[in-house]
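Dear colleague,

I am passing the structure below to you for your work. My notes on what was found follow it.

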Amino acid sequence: MNDFTFSSPTRFVFGRGACDRTGAELASAGHAHALVVYGQGSVVRSGTLGRVLRSLDEAGVAHTELAGARPNPEVGLVREGIALARSCGADVILGVGGGSAIDTAKAISAGVPYEGDVWDLFSGNSPMVAEGKPPVACVLTIPAAGSEASASSVITNDELQLKRGLSSELHRPTIAIMDPELTFTLPAYQTAAGVTDMIAHIMERYFSSVGPVPVTDNIACALVRALIEEAPRVLENPRDYDARANIMWAGTLAHNDLAGLGRNAAPGGRAGGWESHGLEHELSAYDARITHGAGLAVIFPAWMRYVWQEHPERFLSFGKNVFGIEPVSPESDGVDITEDEAVRDAVLATIDELQSFFVSIGMPRTLGELGVGPEQIPGLLETLEKNKGAVFGDFRRLTMEDARAIYESAL
């Protein structure tokens, strides 16, 4: 187990009706004016935004609204939000929605005390400024990204056709309101994409070059098993409170770094190389209509098939602990294959089982289902290299030719 530092400063307010406590929680934390950031209409149509605003009024917390956070949130709205937060004197940025709204809120918060363009922070050209930065709070309505407790924010720059993440402990929300009943009306596709994203967050950390870390590895595999068990239940009965609650909480634990402790290369760093996320980000930057989780459902199995021979023991561990898949024994099972062939078969069966699960909940199997063909690959590689460099990754270092092969195998 590697050395690590871990902080989870978020106050979680979880359960039925938690949404109506938003104002009281912010007031209790000493906040007087919230910039409320939300998406493109669902929180309005569902009545969630109205409930949040009423709770703020009842608690005496002033508020200014910023609508329009889209899937794969764009830096233009972030810039607008920074100017608005400064002009209204917001002392907290409140994201209401899923990862897009919360990541937008985080980026606005980071940009308020920064004198330059906020994109500088996401480009790595300038560090975040802590002094004068308003904290982030959130009301989660779409479990998926884990942004309600993570140190990450991912923003797209349409003009540059780039999608970049920024990780900092300063990003972690101070308050997360989590009401599973708000997720009852989520479409099945969005629910399934969210579950896929959660599993990917866990696997990015699990499939790192660090060897076994039994406590953390068992937490990771248990979270994946829980998600695989709960997803079919909630798709069959969208109003199954317990299934919704377990998925919502698993999404938080999948990305607050708990599932990677001891697997990180540096004490304050995140475990894993996040290769599949890097490959997928180019898809949703190319076409913002591509849901991140759906892209991951295609990319992650393709990446796994390409790299598994680098550390087959990690795949054997994952297969055994998640799916109960183990290599056959040529001697005791009386089969005429070598040990290497038995390992290969068990690993490929594990990957097939994972992808079959994704497909069973409505996720795509190929890039073609997402409208991406071979003609798009050169453009994807061009922006991938701008974002990740000529060589990237941890489990196995990938070149742009490796990335090309993975994309092509997913067509």
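**The sheet and the helices on it**

Strands β1 and β8 (residues 175-178) run parallel and are joined by four bridges. Across this pairing, Phe14 has Met178 of β8 opposite it. Please note that the model is a predicted one.

The pairing of β1 with β8 belongs to an open sheet of six strands, whose order is β1-β8-β5-β4-β2-β3 and whose pairing is parallel. Strands β1 (11-14) and β3 (62-66) form the edges, each pairing on one side only. From one strand to the next, the twist averages 20°.

Helix α3 (residues 48-59) touches β2 (33-38), β3, β4 (92-97) and β5 (136-140), and its direction makes about 155° with that of β3. Helix α5 (residues 99-111) also packs on the sheet, touching β2, β3, β4 and β5; the direction of α5 makes about 165° with that of β4.

**Helix α12**

Helix α12 comprises twelve residues (312-323). The buried residues of α12 are Arg314, Phe315, Ser317, Phe318, Gly319 and Val322. These buried residues pack against four helices, namely α7 (188-206), α8 (214-236), α11 (292-307) and α13 (339-360). In general, an α-helix has 3.6 residues a turn, so residues three or four places apart point the same way. Just after α12, Gly324 adopts a positive phi of about 70°.

**Aromatic pairs**

The structure contains 14 aromatic pairs. One of them joins Phe207 and Trp303 edge-to-face, with 6.4 Å from centre to centre and 65° between the planes. This pair links distant parts of the chain, 96 residues apart: Phe207 lies in the loop between α7 and α8, and Trp303 in helix α11. Phe207 counts as buried because its relative accessibility is 0%, below the 20% limit. Trp303, with a relative accessible area of 1%, is buried as well.

Phe207 also pairs with Phe395: the ring centres are 6.2 Å apart and the planes stand at 80°, so this pair is edge-to-face. Here too, distant parts of the chain are linked, since Phe395 is in the loop between β9 (391-392) and β10 (398-399), 188 residues apart from Phe207. Phe207 and Phe395 are both buried.

Ring pairs connect Tyr206, Phe207, Phe300, Trp303, Phe315, Phe318, Phe323 and Phe395 into a cluster. Two of these residues, Phe315 and Phe318, are among the buried residues of α12.

**Arginines over rings**

Arg16 lies over the face of Tyr241, at 3.6 Å from the ring centre. In a further case, Arg270 lies over the face of Trp274, and the distance to the ring centre is 3.9 Å.

**Thr399**

Thr399 is located in strand β10. With a relative accessibility of 32%, Thr399 counts as partly exposed, because this value falls between the limits of 20% and 50%. Leaving aside residues up to four places away in sequence, Thr399 touches Ala390 and Val391. The C-alpha atoms of Thr399 and Gly389 are 8.8 Å apart, while the two residues are ten residues apart along the chain.

Yours sincerely

Methods
Residues numbered from 1 in each chain as written. Predicted model: local features only at pLDDT ≥ 70, side-chain atom pairs only at ≥ 80, totals over all residues. Heavy atoms only, no water. Helix = DSSP H or I, 4+ residues; strand = E, 2+ residues; numbered from the N terminus. Expected span 1.5 Å × (residues − 1). Buried < 20%, exposed > 50% of the residue type's maximum accessible area, 1.4 Å probe, protein only. Contact = heavy atoms within 4.5 Å. Phe/Tyr/Trp six-rings, centres within 6.5 Å; stacked < 30°, edge-to-face > 60°. Lys NZ or Arg CZ within 6 Å of the ring centre and 35° of its normal. Pairing = 2+ DSSP bridges. Axes fitted to C-alpha atoms, helices over the stretch in contact; angles between N-to-C directions.
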